[in-house]
Amino acid sequence: MIEIEKLSDKYRVRKLDENDIEDIRQICLSNPLFYEYTQARPGYEDIQRDMTALPDGKGPEDKYYVGFFDERVMIA
């Protein structure tokens with residue numbers, strides 16, 4: 001198992017959940033160029049689907065959807 005809190009010495013890192021979807025969406029919206037060139041859309045349902053999507057043979061324990069925080073603000 002990955003110790004996600006050790007992914008950064010500078011930022012607090014934690015696994016994200018459904019309560020973080022609006023913050024994730026705001027980060028997505030801050031990169032309009034990405035959405036100009038892809039079919040992806042930063043909607044609530046799209047993010048929720050991405051958070052739970054798994055390849056065959058993998059379970060939720062294998063998924064690491066993480067956020068990096070500067071104080072209490074998600075920055076990545």
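What share of the contacts in the chain between residues at least 6 apart in sequence join residues at least 24 apart? The share is 59%, where contact means heavy atoms within 4.5 Å.

**Basis of the model**

This is a predicted model, in which local features need pLDDT of at least 70, side-chain atom pairs count only at pLDDT 80 or more, and totals for chains, interfaces and linings use all residues. Residues are numbered from 1 along each chain as its sequence is written, and side-chain values use heavy atoms, with hydrogens and water left out. The pLDDT is the predictor's confidence in each residue, on a scale from 0 to 100. Its mean over the chain is 93, and 100% of the residues reach 70 or more.

**Overall architecture**

The chain holds three helices and three strands, arranged β-α-α-α-β-β from the N terminus on. Helices (H or I, at least four residues) and strands (E, at least two) are DSSP runs, numbered from the N terminus. Among these elements, helix H2 (residues 32–36) has the lowest mean pLDDT, 89, and strand E2 (residues 66–70) the highest, 97. Taken along the principal axes, the C-alpha atoms fill a box of roughly 35 × 35 × 20 Å. Of the 76 residues, 24% count as buried; buried means under 20% relative accessible area, exposed over 50%, and partly exposed in between, with a 1.4 Å probe and protein chains only.

**The sheet**

The three strands form an open sheet in the order E1-E2-E3, with antiparallel pairing. E1 and E3 stand at the edges with a single partner strand each, so one side of each is left without a neighbour in the sheet. Two strands pair if DSSP finds at least two bridges between them. The pairings are set out below.

| Strand pair | Sense | Bridges |
|---|---|---|
| E1 (residues 12–15) and E2 | antiparallel | four |
| E2 and E3 (residues 73–74) | antiparallel | two |

Within E2, valine 66 is the bridge partner of lysine 15, and phenylalanine 69 is that of arginine 12. Phenylalanine 69 also stands opposite methionine 74 in E3. E2 and E3 form a hairpin with two residues between them, and glutamate 71 in the turn has a positive phi of about 60°.

In a regular strand the side chains alternate between the two faces of the sheet. In E2, Gly67 and Phe69 make up the covered face, whereas Val66, Phe68 and Asp70 make up the uncovered one.

**The helices**

Helix H1 (residues 21–29) has Ile21, Ile24 and Cys28 buried. These residues cover an arc of only 60° around the axis, which puts them on the same side of H1; the arc is that of the directions from the helix axis to the C-beta atoms. The elements covering the buried residues of H1 include H2, helix H3 (44–52) and E3.

Helix H2 contains proline 32, which is exposed, with a relative accessible area of 54%. The C-alpha atoms of proline 32 and proline 42 are separated by 9.8 Å, and the two residues lie ten apart along the chain.

**The largest pocket**

A pocket is an open set of points on a 1 Å grid over the protein atoms alone where a 1.4 Å probe fits, with protein on both sides within 12 Å along at least five of seven lines; lining residues have an atom within 4 Å of a point. The largest pocket has a volume of about 170 Å³, the volume being the space filled by probe spheres set on the points, which are joined across faces, edges and corners. Its lining includes Lys15, Asp17, Ile21, Gln48, Met51, Thr52 and Tyr65. H3 gives the most to this lining, with three residues.
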